Amino acid sequence: MTASHAESPTPASRPRAVTIALWAGQILLGVFFVAAAAVPKLVGDQIAVEMFDHIGLGQWFRYLVGILELAGGIGLLIPRLAGLAALGLVGVMVGATFTSVFVLDAGITSITPAILGVLVGLIAWARWSEVKALLALVRAR
């Protein structure tokens, strides 16, 4: 496999159906991360408070994770930021998966952050050319 096959396709070379599916996934995940992940943490939902008590890092960590999920969810909906937001959410979901498995001993429910991590990872991969362009733009300034 050559390097050109390993890279994500550019937006111009991506088939229309793939572009539509990518945006549909980004919208669904963006809404999920805002409404189902970030908001309960930020408004102090009792389940979220208890979960972060069990983690043992304090409630400041609940707010941090909520803000990261909120920023990532909104970022998935902004074309220029979608790839970078997905990449950030991959990091959050890796941490959530490890926390679920090793701290919370959540059993089968540990698969949820892993699946979400894979999904946002696919978005980050599909948007990689846009991430590189954004980073190049920032470096040029």
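Modeller: Start with a definition: helices (H or I, at least four residues) and strands (E, at least two) are DSSP runs, numbered from the N terminus. The expected span of a helix is 1.5 Å times one less than its number of residues. This is a predicted model, so local features need pLDDT of at least 70 and side-chain atom pairs pLDDT 80 or more, while totals for chains, interfaces and linings use all residues. Residues are numbered from 1 along each chain as its sequence is written, and side-chain values use heavy atoms, without hydrogens and water.

Colleague: How many helices and strands are there in the protein?

Modeller: There are 7 helices and 0 strands. Along the sequence the pattern reads α-α-α-α-α-α-α. The C-alpha trace spans about 45 × 35 × 25 Å along its principal axes.

Colleague: What is the reach of H2 from its first C-alpha to its last?

Modeller: H2 has 28 residues and reaches 39 Å, close to the 40 Å expected. Now try H6: its 16 residues should span 22 Å, and its end C-alpha atoms are 23 Å apart, which agrees.

Colleague: Where does H2 bend?

Modeller: A bend at a residue is the angle between two fitted axes, one for the seven residues ending there and one for the seven starting there. H2 bends by about 30° at Phe 33. After H2 comes Gly 44, with a positive phi near 80°.

Colleague: Which residues of H2 are buried?

Modeller: Buried means under 20% relative accessible area, exposed over 50%, and partly exposed in between (1.4 Å probe, protein chains only). In H2 the buried residues are Leu 22, Gln 26, Leu 29, Gly 30, Phe 33, Ala 37, Ala 38 and Lys 41. Their cover includes H3, H4, H5 and H6. In H6, the buried ones include Pro 113, Leu 116 and Gly 117. H2, H5 and H7 are among the elements covering them. Of the 141 residues of the protein, 31% count as buried.

Colleague: Is Arg 127 buried or exposed?

Modeller: Arg 127 counts as buried because its relative accessibility is 4%. Arg 127 sits in the loop between H6 and helix H7 (128–140).

Colleague: Which residues does Arg 127 touch?

Modeller: Contact means heavy atoms within 4.5 Å. Leaving out residues up to four places away in sequence, Arg 127 touches Arg 14, Leu 22, Trp 23, Gln 26, Ala 82 and Gly 83. Among contacts in the protein between residues at least 6 apart in sequence, 68% join residues at least 24 apart.

Colleague: What volume does the largest pocket have?

Modeller: On a 1 Å grid over the protein atoms alone, a cavity is a set of points where a 1.4 Å probe fits but cannot get out; a pocket is an open set with protein on both sides within 12 Å along at least five of seven lines, and lining residues have an atom within 4 Å of a point. Points are joined across faces, edges and corners, and a volume is the space filled by probe spheres set on them. The largest pocket has about 670 Å³. Of its 29 lining residues, Lys 41, Met 51, Glu 69, Ala 96 and Ser 100 are the closest to the centre. H5 gives the most to this lining, with 6 residues.

Colleague: How does that lining of the largest pocket divide by class?

Modeller: Ala, Val, Leu, Ile, Met, Phe, Trp, Tyr, Cys and Pro count as nonpolar, Asp, Glu, Lys and Arg as charged, and the others, Gly among them, as polar. The lining of the largest pocket has 21 nonpolar, 5 polar and 3 charged residues. The second largest pocket holds about 150 Å³.
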